Amino acid sequence: MFAVVRTGGKQYRVAAGDKIVVEKLAGEAGDKVTLDDVLFAGEGGKAQDANKLTVAAEIIAQAKGEKVIVFKKRRRHNYRRKNGHRQNHTILKIVSIGA
């Protein structure tokens with residue numbers, strides 16, 4: 001069985017046992033999390049009612065993503081700005097999909 005869930009403004013297709021990287025969620029490693037915003041669910045080629053479904057997940061780790069360099073420059077004005085950013089994210093393991 002699989003489900004499409006929305007968290008952090010993005011959608012993820014998940015099944016039991018999958019590991020996904022999502023925007024930072026509150027909690028420590030080992031905590032249980034339920035994802036209530038299930039958009040679609042199905043098994044094989046058949047769709048199921050996703051209104052009452054929830055997805056149970058476990059937080060594996062809180063981590064930071066790769067560094068992104070932001071560089072601004074204006075030609076012939078001696079203007080240069082260099083900045084870096086690392087986004088926080090959470091690694092989840094999907095435990096089960098069910099009511």
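Colleague: What share of the 99 residues in the protein chain is buried?
Modeller: In this predicted model, buried residues come to 27% of the 99 in the protein chain.

Colleague: And the accessible surface, how much of that belongs to carbon and sulfur atoms?
Modeller: Carbon and sulfur atoms hold 47% of an accessible surface of about 7,100 Å².

Colleague: What radius of gyration does the chain have?
Modeller: The protein chain has 19 Å, whereas a compact globule of 99 residues would have a value near 13 Å. The C-alpha trace spans about 60 × 30 × 20 Å along its principal axes.

Colleague: Changing topic: how many helices and strands?
Modeller: There are 0 helices and 10 strands in the protein chain.

Colleague: Which strand does β1 join?
Modeller: Strand β1, residues 2–7, runs antiparallel to strand β5, residues 38–43, with 4 bridges between them. Val4 has Phe40 in β5 as its bridge partner.

Colleague: What about β5 and β6, parallel or antiparallel?
Modeller: Antiparallel, with 3 bridges joining β5 to β6, which covers residues 46–48. Gln48 in β6 stands opposite Ala41.

Colleague: How many residues sit between the strands of that hairpin?
Modeller: The hairpin of β5 and β6 has 2 residues between its strands, and Gly44 there takes a positive phi near 65°.

Colleague: How much of the contacts comes from residues 24 or more positions apart?
Modeller: Such pairs account for 64% of the contacts in the protein chain with a separation of 6 or more.

Colleague: Last one, charges. How many positive and negative side chains?
Modeller: The protein chain has 20 positive and 10 negative side chains. The centres of the two sets are 19 Å apart.

Technical notes. Residues numbered from 1 in each chain as written. Predicted model: local features only at pLDDT ≥ 70, side-chain atom pairs only at ≥ 80, totals over all residues. Heavy atoms only, no water. Rg over C-alpha atoms; globule rule 2.2 N^0.38 Å. Buried < 20%, exposed > 50% of the residue type's maximum accessible area, 1.4 Å probe, protein only. Contact = heavy atoms within 4.5 Å. Areas by Shrake-Rupley, 256 points an atom, 1.4 Å probe, with all protein chains shown as cover. Lys, Arg positive; Asp, Glu negative; His and termini not counted. Charge placed at Lys NZ, Arg CZ, Asp CG, Glu CD. Pairing = 2+ DSSP bridges.
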